[in-house]
Amino acid sequence: MAGSPPATASTIGARLFAAECAHCHGATAAGDGADAALFVHPPPALDRAAAADPEVLVRRILDGGSAPLAIDPAALRRRAERGEALVSHLRRMARVDWPLVERGRSLYVAGCADCHGPFGGSAPARDAPRPRALGDPAFQAAVSDRELQTMVRHGGPRMPPLPEPIDDGAARALVAYVRLLSPGYETYERFCAGCHGEEGHGGRSPSGRAAPEFDRAFLSAHDGASLRAGVWHMLDDERPTMPHFRGVLDDAAARAIVAFLRDEIPPR
């Protein structure tokens with residue numbers, strides 16, 4: 001936006017931290033994020049770590065951790081509905097236009113995530129009505145692509161337009177990403193993408209086993225029941241660690257997160 005001050009490392013880091021880290025470590029880096037209750041031992045507070053040795057924390061963000069995270073299966077099973085949502089997300093992954101979605105993701109992070117949250121669940125509003133939860137299945141079913149394109153280009157009754165105008169092609173990309181938002185997508189990004197890749201192209205699990213690719217052949221060979229069994233087998237048997245963000249975040253982005261923690265979060 002014309003006349004806006006340039007973004008500092010701390011402000012860039014704040015956005016990245018909210019999208020990639022806060023769900024486990026909490027909005028104030030105190031280890032009390034929304035997913036902290038899923039672990040037997042909560043994620044560590046990061047405020048002191050950033051102040052004590054920023055370089056160590058930069059490397060940890062990029063390379064992940066080596067100590068296993070003890071997931072509480074009972075807590076996860078209490079979220080069984082999210083397991084169903086995850087299966088639904090897996091079954092549509094092979095049909096996604098990923099290059100278009102990746103363009104839309106960049107636009108969403110820059111213009112939408114501050115209000116609607118990193119996964120479309122809506123971020124806490126300050127002195128204003130809570131923004132619409134874009135990942136809510138009821139919202140997704142009620143709105144057409146044309147209506148979404150109008151919203152992202154021109155705003156709506158409760159939604160301001162984007163800071164920078166976008167053309168029809170960018171609007172289509174942004175809508176493609178918004179259509180991906182769902183409880184299943186959020187669960188996949190938090191628990192599965194570190195091994196299987198954001199687009200489901202496969203990789204390695206923390207135990208060293210090959211993580212399968214969720215392509216058309218795999219999904220054709222596995223019905224809903226076998227996918228559910230695989231989801232819960234992974235949650236019970238794997239020993240996940242803090243995910244690495246190499247390939248997702250570059251060195252400058254990791255340093256921006258650490259700058260936010262060091263400059264904006266006072267050590268307790």
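Reader: Which residues does H89 touch, not counting residues up to four places away in sequence?

Author: H89 touches L180, G184, Y185 and Y188, where contact means heavy atoms within 4.5 Å. This is a predicted model, in which local features need pLDDT of at least 70 and side-chain atom pairs count only at pLDDT 80 or more, while totals for chains, interfaces and linings use all residues. Residues are numbered from 1 along each chain as its sequence is written, and side-chain values use heavy atoms, with hydrogens and water left out.

Reader: Where does H89 lie, and why is H89 called buried?

Author: H89 lies in helix α6 (residues 80–92); helices are DSSP runs of H or I with at least four residues, numbered from the N terminus. Buried means under 20% relative accessible area, exposed means over 50%, and partly exposed is in between (1.4 Å probe, protein chains only). The relative accessibility of H89 is 1%, so H89 counts as buried.

Reader: What makes α7 roughly perpendicular to α11?

Author: The axes of α7 (residues 98–111) and α11 (residues 168–180) come within 7 Å and cross at roughly 95 degrees. Axes are lines fitted to C-alpha atoms, for helices over the stretch in contact, and angles run from 0 to 180 degrees between N-to-C directions. Angles under 35 degrees count as roughly parallel, over 145 as roughly antiparallel, 65 to 115 as roughly perpendicular and the rest as oblique. Therefore α7 is roughly perpendicular to α11. Residues making the contact include W98 and Y108 of α7 and G169 and L180 of α11.

Reader: Why is α1 called roughly perpendicular to α16?

Author: The axes of α1 (residues 9–20) and α16 (residues 251–264) cross at roughly 100 degrees and come within 7 Å. That angle makes α1 roughly perpendicular to α16. Among the residues that meet are I12 and F17 in α1 and I257 and F260 in α16.

Reader: How do you know that C24 is in no disulfide?

Author: A disulfide is a pair of cysteine sulfur atoms within 2.5 Å, and a search of the whole structure finds 0 disulfides. For C24 the nearest cysteine sulfur, that of C21, is 8.9 Å away. C112 is in no disulfide either, as its nearest cysteine sulfur, that of C115, is 8.6 Å away.

Reader: Why are C24 and C112 called buried?

Author: C24 has a relative accessible area of 18%, so C24 is buried. For C112 the value is 11%, so C112 is buried.

Conventions. Helix = DSSP H or I, 4+ residues; strand = E, 2+ residues; numbered from the N terminus.
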